[in-house]
Amino acid sequence: AALKGGLRFQVSAALKEGHVTPTELCQRCLSLIKSTKFLNAYITVAEETALKQAEESEKRYRRGQPLGVLDGIPIAVKDNFNTAGIETTCASNMLKGYISPYNATVVQKLLDQGAVLLGKTNLDEFAMGSGSTDGVFGPVRNPWSYSRQYKEKSVPKSHSEDEESNWVITGGSSGGSAAAVSSFTCFAALGSDTGGSTRNPAAHCGVVGLKPTYGLISRHGLIPLVNSMDVPGILTRCVDDAAVVLGSLAGHDPKDSTTIQDNFKPFELPNLTDVSKLSIGIPKEYHAPGLSSEILALWSKAADLFKNAGAKVVEVSLPHTRYSIVCYHVLCTAEVASNMARFDGLEYGHRSDMNKSTESMYAATRREGFNDVVRGRILSGNYFLLKQNYENYFIKAQKVRRLIANDFVKVFGSGVDILLTPTTVSDAVPYMEFIKEDNRTRSAQDDILTQAANMAGLPAINVPTGLSERGLPVGLQFIGRSFQEKQLLTVAKWFEKQVKFPMIQLEVKRHDHGAFQHQKSAFFS
Amino acid sequence: AAARGCGGVWRRAWQRGAGDPAPAPRGQRAVACNARGGAVPAGKSGLAPWVPVVGLEIHAQISSNSKLFSGSQVQFAAAPNSLVSFFDASLPGTLPVLNRRCVEAAVMTGLALNCSINKRSLFDRKHYFYADLPAGYQITQQRVPIAVNGSLSYSICIDNKMSQMVTKTVRIKQIQLEQDSGKSLHDDTRNQTLVDLNRAGVGLMEVVMEPDMCCGEEAAAAVRELQLILQTLGSSQAVMAEGQLRVDANISVHHPGEHYGVRTEVKNINSLRFLAKAVDYEIQRQIEELENGGTILNETRAFDSKLGCTVPMRDKEGKQDYRFMPEPNLPPLILYDAKSLPANMNHQQVVNVDWIHERLPDLPSVKRAKLVEQYGILPEHGFTLLNEDGLTEFFENVVKQTQMKPKKVIGWILNDLLSYLKQHSLTVKESPVSSFLLADLLNLLEKKEISSTAAKQVLAELWKGEGKTPFEIVKEKKLELIQDQKELEQICQEVIDGRENEVIMMVLG
């Protein structure tokens, strides 16, 4: 109700005008989820409750009293947000079968505004990873692996076996949410973003991925990775949609003391026509090792786009960003060690049969419940927190974090409005390629461009920009000032309009109807 | 063989050193110390005296409707696990939300203990695995606590004489806000542990007292004074039997001029009597250990109230590393004063230290001084009145209803009422004689209708609690003093009549 009539969600007009009913929309999505099951984007599909919610929404529309633009919109939520009555697993044996008694604040807000919750999306176990390959339910497949664009560009392979080995990862850890939005099975999805976990898969899957300012959206009910950096992320197919979802989620939550006290007013994004007053910063340190030449080219093209439109484009320096990953490693693992301590098998979740003593039960429960990545981070985190190491690691990392944040303050203080950077160093790599490196190495490589924004708590967004030579999405990242989401999204929207990112031409073989191309469906544009 | 009062056992220890052949078995002795805090006489070796050092960590449960970081109710002896919120059970994704009332209670307590209140304090996580600690860490204030650098004055009497009271001061290092843990109940027969989380997350104030005490009596007196202060403030009910006040004592001994000795920690002492006993036992044990050539281990011990001794606790193997870390889900706790209070701030959302300071009630020391001044009683009477729950009110009610001078009333209260109650292990509230009845009785005495001997007889009847008034008892037992001259003469005449011989003998002497 707080949303002004001007705010739009692309499909909501169709709902409002009665071209489609919430139930039809929900059924369409559910059927797409089934036909794209091989993507492994969803861990749980809440078919029954979704249809019920759609029915309720339909009644409201019939009465002419929809709750707002989100009423009847099918959404998906990353499986590290608590959902009452629907399993919340974090893709871990530890929480397999766990049903939370409460809704995360963000989930509750979406439901309160009439959104239809289709299900819970796949991720790396406890959101620890950058590929969505390290969850107990298996890896998520990037829908673009099954796009005409990718198939045409990649080396022609005649055998289906080769196609099987050719599929690319979604990025992570919110890969399930990104794949779900990208494959049209939902209109918006929640991810979480601690070091890039929303923006990275958004870039690889060709969708918009927004990481809002820390403290703008409640974390209550988000199962934490790093409390001081976690932010609920928003994945949509366009910047306008992201603004709508942001408007419905942002604001103070009495259940999360780290949310801002000020009231948040949802905003409509203007269509920017003049960018000449804008100053776009290009941080030189983001010429990171391993940055692919095509992404570099795309990045300079984007800078030129702004320049040619009259914006001021300046090179800026964020000298401490290069320490971001190592700093993150210490702070992240320390918080992980702490946050994971609650999983002891007593109150909830997995409990080992080992019953020799409480201690042996703890040990066995945690060994059985967590994968190697989680256990490894717990181990290093506890090492960093030991009394003899605390000063040398944790305190130092906190100081470095402050330096990283101060770099941004200086740059924004110098008159720069928005920073423009790549989101990832390359397009999505094939799964077989990806798993050659371990999770830690991969995370260190993949988070390098997104991480610093979490350190500084700044809002950042991935905007799909173009396709790589292999026909895979490539995105660029805009980083804004704290709590200046409106400016950030306005610029992102302008950019989105200029680049005209192509729509995925998804070719899904269905058992009954043969090839089915989603883009033909009018409602999904 | 309890030697209360200062110097008792240390003197004896010294005497023993000078040739006392048979040291009494451990645990049967209580020890006390030098009231002036100086060096105490030498032990068995006779070489150098020992200085015992006692510091205390006191956990006081905050009296509040809800827990420190959740909305669950706080209540003693509720059905197990009936007061547990999602946060208390550490369900994933839950976050702490600081309870304002608990902050105010800690500020009040800090002010009453002459602390500096930190306008900005921080919360930390202290990690350890235990069944009754669901999150695997306790949220506490390790780096910057809410209050620091205070002091507490308390009094003890010398040689157990109420008339010789000495006031002492212990420094308060800090007061920190932290969560209580749940309770583990070990069922040894079925080899299982049951966990009750009702207490998990209840707000605690940990009051850390510097090692400024030197014996059980001092420790107990300091805790008693703290208890009275907390109860006066209402910041904690501080009932030790209900676990609202729990004391850990750090104890060491050393020779004067040397560094402090290795200390032991005696944990979870739940009565003042046991505190005094535990501390004294532990001091004596350490002295004996050292004098026998042994060493003191830095260990945690428990007080066995049945055996009257301390025993090593088994559950802690080696030193724990608590891996402290800042609590990332709670912003710094900011307190304001009249000067710093922002004008546009919602007063419901801030804690104003000055506002609390202005509204502090009279503390026990002030109350005692007022009693002494108002009623002309002795300072030690003030102590006894305040030390017994409800006794001050009882005394004041009696005073209000009698013409007897408060100075005389206090005698009846302390010598008769209190000793009777003590004898029968009753609290003032449970007294069979109400302040009204006692006042009636004292009025009869004051009007000289009965003698003080008769008054004691009446009181003895009143204890039976049969519902009779003092007047009825006096009538029934014919205890009234006869004030009619003629009546008296007549009685005397009757006695003399028929006993002429005895009278003559008496007259003749």
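**Confidence and labels**

Author: Chain A has a mean pLDDT of 92, and 93% of its residues reach 70 or more; pLDDT is the predictor's confidence in each residue, on a scale from 0 to 100. Below 50 falls the pLDDT of residues 1–7 of chain A, a stretch with eleven contacts in the model beyond near neighbours in sequence, where contact means heavy atoms within 4.5 Å. Residues 511–525 of chain A also have a pLDDT below 50, and this stretch has 38 contacts beyond near neighbours in sequence. This is a predicted model, in which local features need pLDDT of at least 70 and side-chain atom pairs count only at pLDDT 80 or more, while totals for chains, interfaces and linings use all residues. Residues are numbered from 1 along each chain as its sequence is written, chains are lettered from A and ligands numbered from 1 in the order in which they are written, and side-chain values use heavy atoms, with hydrogens and water left out.

Reader: What is the mean pLDDT of chain B, and what does the predictor give for the complex?

Author: For chain B the mean pLDDT is 87, and 89% of the residues reach 70 or more. Residues 1–32 of chain B stay under 50, with 67 contacts beyond four places in sequence. The pLDDT is also below 50 over residues 34–39 of chain B, where the model has 16 contacts beyond near neighbours in sequence. For the complex, the predictor gives an ipTM of 0.94 and a pTM of 0.89.

Reader: How many helices and strands does chain B have, and what percentage of its residues count as buried?

Author: Chain B has 14 helices and 16 strands; these are DSSP runs numbered from the N terminus, helices being H or I of at least four residues and strands E of at least two. Of its 509 residues, 51% count as buried. Buried means under 20% relative accessible area, exposed means over 50%, and partly exposed lies in between, with a 1.4 Å probe and protein chains only. Among contacts in chain B between residues at least 6 apart in sequence, 68% join residues at least 24 apart.

**The interface**

Reader: How many salt bridges does the rule find across the interface of chain A and chain B, and how many residue pairs are in polar contact?

Author: The rule finds zero salt bridges there; a salt bridge would need a side-chain nitrogen of Lys or Arg within 4 Å of a carboxyl oxygen of Asp or Glu. Between chain A and chain B, 18 residue pairs are in polar contact, both residues being at pLDDT 80 or more. On the side of chain A that touches chain B, the elements giving two or more residues are α11 (324–339), α12 (358–369), α13 (372–385) and α14 (387–413). In residue terms, 40 residues of chain A are in contact with 30 of chain B.

Reader: What makes the pair Asn329(B) and Arg219(A) a polar contact?

Author: Their side chains are joined at 2.9 Å. A polar contact is a pair of N or O atoms within 3.5 Å; within protein, one must be able to donate a hydrogen and the other to accept it, and residues adjacent in sequence count only if both atoms are side-chain atoms. The distance of 2.9 Å therefore falls inside the limit of 3.5 Å. Asn329(B) lies in the loop between β15 (325–326) and β16 (333–334) of chain B. Beyond four places in sequence, its contacts include Asn227(A), Ser257(A) and Leu95(B).

**Individual residues**

Reader: Why is Asn329(B) called buried, and why is Ser434(B) called partly exposed?

Author: The relative accessible area of Asn329(B) is 4%, which is under 20%, so Asn329(B) is buried. Ser434(B) has 27%, which lies between 20% and 50%, so Ser434(B) counts as partly exposed. Ser434(B) is in the loop between α9 (406–423) and α10 (435–446) of chain B.
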